[in-house]
Amino acid sequence: MDVLRNLLICAAAASTFVAAATIRWTCPTTHNFGAFSEEMGPVSTVFRFVNIGSEPVSILAARASCGCTKPEYTHGEIAPGDTASVTVTYNPQGRPGTFSKYVQIETTDADAKKTRLIVKGTVVGAPLSVGKRFPVKLGEYVSLSRPAVMFGQVKKNGMRIAKLEAYNSSIDTLRPNVVAVPPYVDVDIAPARPAPGEQFAMVLYFRADEQPAYGLVSDSVAVDFGDGPHSIPMVAMVEEDFSALDDEQIADAPVVEVNQNVDLGIVEQGRQLSQTVKLKNVGKNVLKVRRVYSADTGVSATVNSLEIKPGKTGEIHVVIATDATSGNMVNVRVMLITNDPRHSVLPIRLVGTIHN
């Protein structure tokens, strides 16, 4: 009796296995849209399967991993030999960059109740979307997060790293080539081959000890992204490092004394001006003038001595060109940089009223 019962159970199980519905996907369950423009709007692909079993099968649900992905599928029973489809649509609006999303399909198939359909690709952002994060257009293919590389303050014996974010707004992989760079700057681009619609970064290393100037340093690097070299400005403020000085050394240091507000009086319009500004070392050691300069247009400044002994004076000679005296006032600034640890950087303002 037990043997007969077991035979009947096995026969029923075999009958159930033969009758079980089975689906076979007729295409890969992953689809790559590749690179496409956000302006194309939603993109779709169709996944299909065939019921190769002997019983009808149904799709119970299709659940997307996010709201940007929408599935539509065949409803009702799919008879043996019939084909069903699942259409997956991805909406790229406001979503520049690479993506990988999925739709999970649940069916009555006993052998494959759940199947994950994957869609992926790269959205090349529309100008409006890209412009919010990368407003600076650099040639035909690249947009930048800001117009220049800003290093900020850099100690003379140190190094400063700055990063400039960029975006490949083309439909091709870029192969950036750094064609010109100052000897005191190194440039890395990561990733080295930005894919279409991919964000990348230009990382710059400013080595102040290999750059002779103090104060404001304005320079540029040139990079070719495939449409010719493009100049990218960079700015740093180089400072002397006094952090190793103790209290006694600071007390014995040089001290600069200078008039920081110079009244030029009445100035004749269109006339070149020359002005001498006295500076004195009232400290206990030699005052070294690291640099005297002006970032204002048409203004030049020189000093008669780069080293001033304690108790001695020096002269800063300022020349203001005629094109700097337009309008109603002259208002220019000269920067004095010395080895005075208390006041290493001093601005000198020269102001005058223009007479027509």
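Apart from residues up to four places away in sequence, Thr-69 is in contact with Ala-64, Val-88, Thr-89, Tyr-90, Lys-101, Val-103 and Val-119. The residue belongs to strand β5, which covers residues 69–73. With a relative accessible area of 4%, Thr-69 is buried, because this value falls under 20%.

The structure is a predicted model. Its chain has an average pLDDT of 89, and 93% of the residues score at least 70.

In one of them, the ring centres of Phe-36 and Phe-99 lie 6.2 Å apart and the ring planes meet at 85°, so the pair is classed as edge-to-face. This pair connects distant parts of the chain, since Phe-36 is in strand β2 (residues 30–37) and Phe-99 is in strand β8 (residues 97–107), 63 residues apart. Phe-36 is buried, at 5% relative accessibility, and Phe-99 is also buried, at 8%. A tilted pair is formed by Phe-200 and Phe-225, with 6.1 Å from centre to centre and 55° between the planes. This pair, too, links distant parts of the chain: Phe-200 lies in strand β16 (residues 199–207), whereas Phe-225, 25 residues apart from it, lies in the loop between β17 (215–224) and β18 (229–239). Phe-200 and Phe-225 are both buried.

Ring pairs also join Phe-33, Phe-36, Tyr-90 and Phe-99 into a cluster. Tyr-90 of this cluster is among the residues that Thr-69 touches.

The charged end of Arg-116 sits over the ring of Tyr-102, at 3.7 Å from the ring centre. The charged end of Lys-156 sits over the ring of Tyr-214, at 4.9 Å from the centre of that ring.

Five strands make up an open sheet with mixed pairing, in the order β20-β27-β26-β22-β24. Strands β20 (261–268) and β24 (307–308) stand at the edges with a single partner strand each, and therefore one side of each has no neighbour in the sheet. Strand β22 (residues 287–293) and strand β26 (residues 329–338) run antiparallel and are joined by four bridges. Opposite Val-289 stands Thr-338 in β26.

Conventions: Residues numbered from 1 in each chain as written. Predicted model: local features only at pLDDT ≥ 70, side-chain atom pairs only at ≥ 80, totals over all residues. Heavy atoms only, no water. Pairing = 2+ DSSP bridges. Helix = DSSP H or I, 4+ residues; strand = E, 2+ residues; numbered from the N terminus. pLDDT = per-residue confidence, 0-100. Buried < 20%, exposed > 50% of the residue type's maximum accessible area, 1.4 Å probe, protein only. Contact = heavy atoms within 4.5 Å. Phe/Tyr/Trp six-rings, centres within 6.5 Å; stacked < 30°, edge-to-face > 60°. Lys NZ or Arg CZ within 6 Å of the ring centre and 35° of its normal.
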